[in-house]
Amino acid sequence: MRSFLPAVAEQLFRDIQRAYQESTQIPDDLLIALKFVFGSCALQALDLVDQRSVTCLSSPSGRQAFQVIGGSGRLYTCFLSCHYCPCPAFAYTVLRRNQGLLCKHILAVYLCQAMAVTQQESIPDQQMSAVLSGTGAP
Amino acid sequence: MLTTDKDDLPVIETDSDPDQSEEDADDDSGQQISDCGSDSADENTDICPPSSEHMKELEISGYVSDGDDIGGTLTSSKLDSEVFPLQTSEGTKRSVRDWLRSAQAMLQTPQKPFDRQSKTPEDSSKKKRKFKRGGLAERLNRLQCRQRSAISFWRHKSICDTSAATTAAVDRPGVLVLEVLEVHEECNMQLAHCEHRQPPGDGHQHRIAVSEETTRMLALFNRETAAQMMPKPRDVIRIYPPWQSLSIEGFSCPVILNTHFSQKVSSASKPDGSSLPKTWLSAERRGPYFLAQIFGLLDQNKAKGESSAKQVAALDVLSGFRTRHCLSLLEAIEGLGQAGFVDQDVDVVVQRVYSIPMAECSPVSFLKHRASLRSSPAPPPAEKGKTRLCALVQDGFGMFSVLQLQPLSSSDELHQYCQTWQGRTCVLRGIKVVQRVTRERHSRLFGLIDSLWPPATSLKDHGNSLSMLNESRAAGPPPSFCYLLSGQQSSVELAEGQTVSPLYRHPANQTLRDVLQSETKSGRCSFIATVLYKRMPSTDVGQREVWLVLTDSSLQEEQPERPCRPTVALCVSTSCVLTSSVLEALNSPAACDMSFTDAIREHGVLLCAEQSVIKVLSVQPGSSVETTARQDSLSQVKTLPQPPRLDSLSVETTPNSLCTLTGVIVGVDENTAYSWPACNLCGSDNLEVSAEKPQNFHCVSCKSMLDKPDTKVQLEVFLSSSSLSNCTLKVKLQQRTIMSILNTPTLESPELQGYDVESVLGKAVGPIAVYVRVVTRKPALWMGLEEICL
């Protein structure tokens, strides 16, 4: 009972990374493929990438997390080790209905990583705990 | 009232695109709520329409700005400017509470330190998201709009002429005809495992896209294409361009994307009268994927030291869906970070197979060698050194590597490996990276790589596993670096399928004339030639180079327009391994045909060094040397003119060549002139004076008594030739010539007479065939020659 879409997604990210490393450009056909595989969240994720909305937070204790500034300005905290996003779209489309691989925030994280345009920020441990537990002020 | 309570209701994000086309039917039909969290433009639409409902706006703005809302900030700031005029004109209409709330909202909402496009009220009427100019989203939006109109146009066209559609345009290039084997659903897309069916008469065009081994494909259909087409097993579908093909590492089937222009040609089952899209549900739905299965990339922020550990951990996680099978040598190797074992299997094409001599450096063998020298002066065996099997491989991306494998027990095994592996696709397993070599330090290896460039077919592109149809990409410059890998016997495994890989560049044989007259003065060349003369070192063959004089029919035929010398010298250096059959052929006096693969042409000189392979093709009949069967070998020895045409000796003659010479004896080297007896029967020089009869001799080799042994003579003379003036030519003559000069058919008396130098001076010699041993030009031209017998 093997699923193939994750492998397709992973390959696309790898290609984007290489294309961007070689020419700081993503060719049109990769964009089209992104749209095909990820559907409607592709365009919104690209917009988030254009706005450089993804930050990687790291703390002295070694913990890391991604923060994405959504379209409304709200911050979503996503994790490195698994796919999770607190946004309602993830809960509904990915978890509940299994109709999407990712939400636009996680997709934006992957794209920013592939293009190496993730902002970096280091925060104190206390703030990191707050961010990770979801109680912190975003 | 805007129902955008983000906390309570399940708010679903919609596509912020203006035209909700069929593609966006991905979204559940149940939603009609626009997520105000996603789109401040929408908020603007909803919140500040250019209407006079300021009261409502105030309430809403107050509500919205409870959260951290940039849009709210903007909105509220705009509203503020509208509020005050309101106040002045209708101050009593608004409650102080409302005013306070909006003021509080402005004060509360934090300013975000990044700049975002300010949304003017005019934009809200367009209901369109303004993307960053020149950004990716804007580009995708443009592409998407174009694609959507193309899709709707195509759909419309295909509906209109459905009757003609079955036969039309199949022979148009780029149409994929697939037969569905199995369909399952994953995340709102239908994945169809298909078998590629070659459309009739189109096999040649699909050669590059689909090879014999990979007719399986995985086609992805998005929801609305699948709903329209309803693929089921045994259906035949046609996918029209532009479609995309993605090759995933570790996955043998290509994945077909962008399949919007698809059409079902024939259906396995009878169409229902009701034609309801019930079959959508019949596709097996795969469960959701494991969320901890990340798609790489996320751990790249860590420091280098940690990243290798993380990589190992990530590999464990990902090993579920990624078999450790790789198409790229570069990726497999550079994933290591240091020289070590490559844990991935890599698919490569074997371009060349050869062997290299292994240096004898172990102390044990050194002692053995010394011992043997002391005991008897027996000549060491011909193949003293061991040889190691090597292969030059290339992956699908064009990257080369030299693979050093196990030592060969006999050098003849090389030809077996060559036959089995060369040109085939193999899987490399358990190999270790030894070194990364660059062009500057290994110019000969890269000369070989250059001869294999540009590749025979189009290469894969690292940055772009997607290949649009009919895309031809220039191969670019040849690689400037290459890896040295080491492995064992089991490291190379032939992939299934007996066909020769399309990437293989067969060593094309040229004629010697083409080689000598070619424009490129250095590089690799392959040819078949007849060996006219061999100059073997008297001591161990493996330690000193061998000189050969070659010719072929192209050199032997005279072409007055482009004259070329009729023979050419080739040096076999010690780094070129000679198999036992080659050594045997070289040791026998008969002429033979040999094939030289990847010989080096350097500064106009031919030589065989590392990576060159020599094979014996055929010898003159009567010899006992084995031959290697080749389908295109006609024995050139028989077709060459007998005796072969040679250049006459001239001022430009280079050493190690063959020439003809005619001259007059002007001097004799008396120091080297002598004669000795030899056995009549076996020709051996090892004679002893017989004990019983001091007059007779006894041959030690064949143990016979000789009454009248043969006499062998050695004589070196100085010749003067009319074609060469001011040149000293010293020629070591052969027995027959010497006899004719001395005017005696045989030397009959057992005691040897002395001869007068004057008796030979002035005698004409030649034309004889000579081997030019040495040429010195200073202080004057002096040539040391040796008469040979062809």
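Q: What counts as a helix or a strand here?
A: Helices (H or I, at least four residues) and strands (E, at least two) are DSSP runs, numbered from the N terminus. This is a predicted model: local features need pLDDT of at least 70, side-chain atom pairs count only at pLDDT 80 or more, and totals for chains, interfaces and linings use all residues. Residues are numbered from 1 along each chain, chains are lettered from A in the order written, and side-chain values use heavy atoms, without hydrogens and water. In residues 76–114 of chain A, 51% is helix and 8% is strand. The end C-alpha atoms of that span lie 19 Å apart.

Q: Which feature does UniProt place at residues 76–114 of chain A?
A: UniProt positions follow the numbering used here, feature names are shortened, and annotations may be inferred rather than shown by experiment. An unreviewed UniProt entry gives "domain: SWIM-type" for these residues.

Q: How many helices and strands are there in chain A?
A: Chain A has six helices and four strands. Their order along the sequence is α-α-α-β-β-β-α-α-β-α.

Q: How do α3(A) and α6(B) run relative to each other?
A: Axes are lines fitted to C-alpha atoms, for helices over the stretch in contact, and angles run from 0 to 180 degrees between N-to-C directions. Under 35 degrees is roughly parallel, over 145 roughly antiparallel, 65 to 115 roughly perpendicular, and the rest oblique. Helix α3 (residues 41–50) of chain A and helix α6 (residues 136–160) of chain B cross at roughly 155°, with axes coming within 7 Å. The two, α3(A) and α6(B), are therefore roughly antiparallel.

Q: Which residues of α3(A) meet α6(B)?
A: Contact means heavy atoms within 4.5 Å. In α3(A), they include A:Leu43 and A:Asp47. Among their partners in α6(B) are B:Leu140 and B:Gln144.
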